[in-house]
Amino acid sequence: MTETDAPVVLIVEDEPDVAETYQIWLQGSYDVRTAETGDAALAAVDDDVDVVLLDRMMPGMSGADVLSAIRSRGIDTRVAMVSAVDPDFDVVEMGFDEYVTKPPTRDGLLETIETLLDRAEQSEALQEYYSLVARRSALETEKTEAKLEDSEEYARLNERIDAQREEADETLGDMESDLEFVSAVRELSELTEDAAGEEGADQLGDEE
Amino acid sequence: MSSTYDVSGVLPGDELDELPPGTTVLISGPSLVGKRQIAIEMLAAGNGDGDGMLLVTTKTSAASILRDFERIQPEFDRNRVGLIDSSGTDDRDGIREVATEYVGSPGDLTGISIGTAKLTKRFADRGVANVRHGLVSISTLLQYLDVETVFKFLHIYTNRVESSGGFAVFTLDDDSHDQQTVNTLTGEFDGVVQLRETEEGAVEYRVRGFGRSPSRWTPLE
């Protein structure tokens, strides 16, 4: 994290007065950084940056190029595309986490940032939820159903699981949305890419 | 808005009939016991009702699944099926007329999610409100990814099915994984259809969850 502890937002925008408008809206709530070109954006982005607002159309490196460089470097950040062109499904395929139509309103921009900051909380919330469910499964594996019914620990655990599920689901956001759904799944994959590798694909039979 | 999902007739008993929007089902049981067949029948049951069907395959080719669908439903409407094939097989017989997305590996969850999102959008664009989702099988995902990741993916996927008022059926080999893994994953679904094989080789099933009292082991005819 940074010294101020406020979430870090990187604005990538080639028009200085547009960038300044965003900056005025965001300062106070966030630690704001700016970059005027794709190259400058790549120099400025690291794991400390929570959210990138990325202009799609820039001279030189395009927003899509910057995004794919961010993804291939495995930087832990969430990226919203800012564009005057109406969104199409390619936004999902390109790997953006959110989409902002240009020119954005102040509220629209802040809402997008908040959605992406929730997404940043997703990993921890889901991890905690998983740990609790795994602990419950361990109890279920060890004890009979009758014993579980009498167990205070089991009852408390179930309450914690329900509460944690709610918390995790809030970080997920609107899973009916294609963009948010893919973004939530991508968040999982980014964490496991190193771990997964090629070790699977053995001969477990699930063919029927 | 979506309406209920009728799966009556798939199981010999009347344990499962009209399921409310958002319902997620796990079919679990040992290998080669017929889980995939039940999953496919639950999906195909909606074809006559105008439901869309969206199936992710991990080991079986989309083309082979399509043949299964057509065996079950001779009047099968190909316009309402979408397949996401991550099996890596080359079998593409007759698949050209069907919306299919290919994903490089069952471990590529982002690819799978993009494929399903594309095909859901296609259904939405055509005004198909009810979508039946399937994934066969979770066991293949567990060969590529750790149980934590698979659990989280299933949580996200079932959440999507709930928020969109869909229906989903997944399969899991319960003899390929330890009991704790099976319990952990089973909890993510509204209910489970468990299958087992008797010593005489007959297949039995029982239904648990769905807010109903659990059923007894019954022969699957």
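**From a salt bridge to the sheet behind it**

B:Arg208 pairs with A:Glu145 in a salt bridge, with 3.9 Å between the closest N and O atoms. The model is predicted. Across the interface of chain A and chain B, three salt bridges are found. Twelve residue pairs are in polar contact there, both residues at pLDDT 80 or more.

On the side of chain A that touches chain B, α4 (90-94), α5 (106-142), α7 (152-172) and α8 (178-196) each supply at least two residues. Helix α5(A) gives the most, with eleven residues. By type, that side of chain A divides into 18 nonpolar, nine polar and 13 charged residues. The contact takes 40 residues from chain A and 47 residues from chain B. About 3,900 Å² is buried between the two chains, and carbon and sulfur atoms give 58% of this area.

Now back to B:Arg208. This residue is among those touched by B:Gln194, along with B:Ser28, B:Glu204 and B:Trp217. B:Gln194 also makes a side-chain polar contact of 2.6 Å with B:Arg206. B:Gln194 sits in strand β9 (residues 191-197) of chain B.

Strand β9 belongs to an open, mixed sheet of nine strands in chain B, ordered β6-β5-β4-β7-β8-β3-β9-β10-β11. The edge strands are β6 (99-102) and β11 (218-219); each has a single partner strand, so one side of each lacks a neighbour in the sheet. Further in, β4 (residues 52-57) and β5 (residues 81-85) of chain B run parallel, joined by five bridges. B:Leu55 stands opposite B:Leu83 of β5(B).

Helix α5 (residues 147-163) of chain B lies across β3 (24-29), β4, β7 (131-136) and β8 (167-173) of that chain. The helix runs at about 155° to β8(B).

Key: Residues numbered from 1 in each chain as written. Chains lettered and ligands numbered in written order. Predicted model: local features only at pLDDT ≥ 70, side-chain atom pairs only at ≥ 80, totals over all residues. Heavy atoms only, no water. Helix = DSSP H or I, 4+ residues; strand = E, 2+ residues; numbered from the N terminus. Polar contact = N/O pair within 3.5 Å; in protein donor to acceptor, adjacent residues only side chain to side chain. Contact = heavy atoms within 4.5 Å. Pairing = 2+ DSSP bridges. Axes fitted to C-alpha atoms, helices over the stretch in contact; angles between N-to-C directions. Buried area = accessible area lost by both parts, 1.4 Å probe. Salt bridge = Lys/Arg side-chain N within 4 Å of Asp/Glu carboxyl O. Nonpolar A, V, L, I, M, F, W, Y, C, P; charged D, E, K, R; others polar. Lists of a residue's contacts leave out its neighbours within four places in sequence.
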